Amino acid sequence: QRAKIMDGLGLSEEKQNSLVDQSDVRDIVDDAFEQPRFFKEGSLMSNLIESSIEVVWFSDRHPNDVVYSICCNRRQKRVSVVFRGTVNSHNWLMNLKFFMTKHPNPIAENYPGREETLGFHTGYSLYMTRQRKDDSLTKIEEIFSKIDSVGRELDADGDYNLSITGHSLGGALATILSFYAATNQMFSKVRTIRVFTYAAPRVGCYGFATAFQHLERKGKIRMARFSNTCDIIPLIPFHSMDRMGRSYKHVGMHIRLLGISRISQYWLRQALDVTYPKDDGWWTLLQRSFWASLFMNLNSPAGYKQTHKLSDYQKRIRFTLEFRNALAQTDLLHDKKRARLKTLEEYYFIRGGTSLTGTKELTAITIEESAKLADRRRMKKIVLGLLIIAIAEALLLLRFLNVSIHCESLPLILYPLYPLIGCQSQKSNNHS
């Protein structure tokens, strides 16, 4: 047997005779029978195999239906639901159904701002709540049944971990599924449902956002919503296309990925761009509208396509993690107290004001963060006021001096102020 193995390894007789140590022979034989690596080390598939994650269910009955998979990690007692994003024309047609459809509020208990019906994006709600003709089950009921079946194998009492994720359209479906799962008694033993979405569009109205935040305050949901700068999909839809014209609103803890440019590195030295839609004051709404506007996220068609790819999200997340960890080892970090990356639960405690069994250190961080946030808002208001005063003074001075200004030479953004400036069109002067 030993001779056959040696011949199979291509070792000469002289080399075979030199291997007198049995440990050397054992090492060579082990190397020969080692399981081959089919995927590149560090790749997504390689990490999936090494992470002990099992794909236990894959649903792709029809290309126009919801495509998702269910995975489990037996060591962590975790069940994960992964939704596929937009890939065909039917998905795009569903994405463009910007109308809102009313659905009964699944939360029976009373909470501030509760509404009896909640408005959901028609296309996404059709995917999840439309009954099938063969078994009369909705997609939500189907997935719930699969999750419960897998979860009960991990823990007979139903005390397992549940994570839901998706990209683009998949992120929207993950948001809806997590909301209904957090209100369903089937998952009453699941302590906190964790949701991770990438490039997810808005899915519901203000009433839905209020209900979602109620579940977050109860600790039923923790959601991290990642979006790239200059990715247009997370910015839509703005308003429903029906007569009511209701506005859509995002939910969850928002992590804005800034890219790898030098400007992005400067902002990463200050802090991670993490926000939570808690304060609905006019100044906060103005800031959100400004950063979420198409003007601040201008890009070329090829640029929009690139920034929306899941691979680009993965690249930015990895860069942000490595850059912040490297800064923590240097003196370049703006605030040394931000050297340690916080968990999602800690961000909910700091940004969202949710309860957390934390330490005095976390309480001190919260107080300090609140004070710094108030100072930044105060400074922004002062700078904005001074800027408005400076522009007004400059315009009045030009009008007083009767300076002739051509409208074509002014930025287009000053178009509403053309009458106040008193500028003249160069074409009309040429005709005169």
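I started at Cys 72, which is buried, with a relative accessible area of 2%. The model I am reading is predicted.

Cys 72 is in none, and its nearest cysteine sulfur belongs to Cys 71, 7.9 Å away.

**Val 56.** Cys 72 turned up again when I listed the contacts of Val 56. Leaving aside neighbours within four places in sequence, Val 56 touches Ile 70, Cys 71, Cys 72 and Val 150. I placed Val 56 in strand β1, residues 54-59. Val 56 is partly exposed, with a relative accessible area of 34%.

**Helix α8.** I then moved to α8, residues 169-182. It has 14 residues and reaches 20 Å from first C-alpha to last, close to the 20 Å expected. I asked how much of it is buried: 14 of its 14 residues are, so the rest of the structure largely encloses α8.

**The core.** I looked up the largest nonpolar core and found 63 residues. Its largest share, 10 residues, comes from α8. Among the residues with the most contacts inside the core are Leu 177 and Phe 179. Beyond its neighbours within four places in sequence, Leu 177 is in contact with Val 81, Phe 83, Met 128, Ile 140, Ile 143, Phe 144 and Ile 164. Val 81, Phe 83 and Met 128 are also listed among the core residues with the most contacts.

How values were computed: Residues are numbered from 1 along each chain as its sequence is written. This is a predicted model: local features need pLDDT of at least 70, side-chain atom pairs count only at pLDDT 80 or more; totals for chains, interfaces and linings use all residues. Side-chain values use heavy atoms; hydrogens and water are left out. Helices (H or I, at least four residues) and strands (E, at least two) are DSSP runs, numbered from the N terminus. Buried means under 20% relative accessible area, exposed over 50%, partly exposed in between (1.4 Å probe, protein chains only). Contact means heavy atoms within 4.5 Å. The expected span of a helix is 1.5 Å times one less than its number of residues. A nonpolar core is a set of buried Ala, Val, Leu, Ile, Met, Phe, Trp, Tyr and Cys residues joined through side-chain atoms within 4.5 Å. A disulfide is a pair of cysteine sulfur atoms within 2.5 Å.
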